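Dear colleague,

Please find below the structure for your review. My findings follow directly after it.

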Amino acid sequence: MNLKDAVRHRLRGHAGNEDVNLTAVMNIFLILIPFLLLTASFVRLAVLEMTLPDLERAGRQSSILTGRVVVNVLFIRENSIQLKSPEISLAAVPKVAEYDWEALRSQLEQVKFKYPESMDVIITPESTIRYEIIIAVMDICRDAGFPNLSISG
Amino acid sequence: MILNSEDSLINIVNRNRRNRRGMAVLQLTSMIDMFTILLVFLLKSFSAEGQIMTITRDLRLPESTSRDVPRSMSVISVTSEWILVDGRSVVNLSAITTDSPLMINGLKEELERLRLLSEQIGNLSTNLQGFRGSIAIQGDRDIPFDILKRIMFTCGQVGYNNINLAVLEKE
């Protein structure tokens, strides 16, 4: 093989005449993709944890209450949301077409600013309030830094 | 067919044979691209523990920003018509009116049965989980608070104090 032939041979090789053997890759894909498609879950469930007060806990809570922990109460009504916190006067957030979540959020932040250790909000919905609304309110409370939520009737 | 001097019969046969030997190459590039993207996406959403809680049919769970993963526990499902405990219908919602008492009797009996069962399981061996007082509620997003209040009250009376509200993860 002289030099001219060798150069031509290498050039031809680089020109893409040789193919990658894809059989193994295709085999892996054909097995993995159906398997993963079958096991895939496209909706992800989560939970909101909530604890009802029981007798032992009630005793403990009242001893905590003698300290400086503040409990805030949040009323959800058909046409407004009213947040009540000791020594802060907050206007009821009216519902126009939709509840005003931003106003509620800023009120909760106001309370959090005044009582940074306060963790509890008691949510008191009217009996006609939809479940979805309660969950949305609980989300906003958790975002604003009140993880201890309870619901009272 | 007009044959010129180079297209002898032998040449034509040779050409046909070459084609028949499959020299045509499949263009797999775009398919491999697609498969790779699909594979990465599916591997990302793959979870080894699988689905612990199944979602009851004709029920639209509310969405929430919560990221707490559910653990395995009994589930009370509240659709727009029925209250189900672990998939079995227990009480029809039409039986609950605003002036009926807070306690839902059918639900209470079912929960008491469940509690007894889990306590007995717990007594069998220390390895088994007994009664822990936690229960999950899967509620349709349109059920009124009145229904929810009664269910929660009933759970609390039976001893299920740790209530988990099931929600869908918001994107």
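In this predicted model, 43 residues of chain A are in contact with 50 residues of chain B. Leu45(A), Val47(A) and Tyr131(A) account for 20% of the area that chain A buries against chain B, more than any other three residues. The size of an interface is often given as the accessible area lost when the parts come together. Here, chain A and chain B bury about 4,200 Å² between them, and 68% of that area lies on carbon and sulfur atoms.

As to polar interactions, 14 residue pairs are in polar contact across the interface of chain A and chain B, counting pairs with both residues at pLDDT 80 or more. There are three salt bridges between the two chains. In a salt bridge between Arg130(A) and Asp142(B), the side chains meet at 2.7 Å, N to O.

On the side of chain A that touches chain B, helix 2 (23-39), strand 1 (45-51) and helix 5 (131-143) each supply at least two residues. Helix 2 of chain A provides the largest share of that side, with 10 residues.

A further point concerns the surface of chain B. Leu117(B), Ile121(B), Leu124(B) and Leu128(B) make a nonpolar surface patch of about 380 Å². One of these residues, Ile121(B), belongs to helix 3 of chain B, which spans residues 105-124. Ile121(B) has a relative accessible area of 38% and is therefore classed as partly exposed, the range for that class lying between under 20% for buried and over 50% for exposed.

Yours sincerely

Notes. Residues numbered from 1 in each chain as written. Chains lettered and ligands numbered in written order. Predicted model: local features only at pLDDT ≥ 70, side-chain atom pairs only at ≥ 80, totals over all residues. Heavy atoms only, no water. Patch = residues over 30% accessible without salt bridge, like charges linked within 9 Å, V, L, I, M, F, W, Y side chains within 5 Å. Areas by Shrake-Rupley, 256 points an atom, 1.4 Å probe, with all protein chains shown as cover. Salt bridge = Lys/Arg side-chain N within 4 Å of Asp/Glu carboxyl O. Helix = DSSP H or I, 4+ residues; strand = E, 2+ residues; numbered from the N terminus. Buried < 20%, exposed > 50% of the residue type's maximum accessible area, 1.4 Å probe, protein only. Contact = heavy atoms within 4.5 Å. Buried area = accessible area lost by both parts, 1.4 Å probe. Polar contact = N/O pair within 3.5 Å; in protein donor to acceptor, adjacent residues only side chain to side chain.
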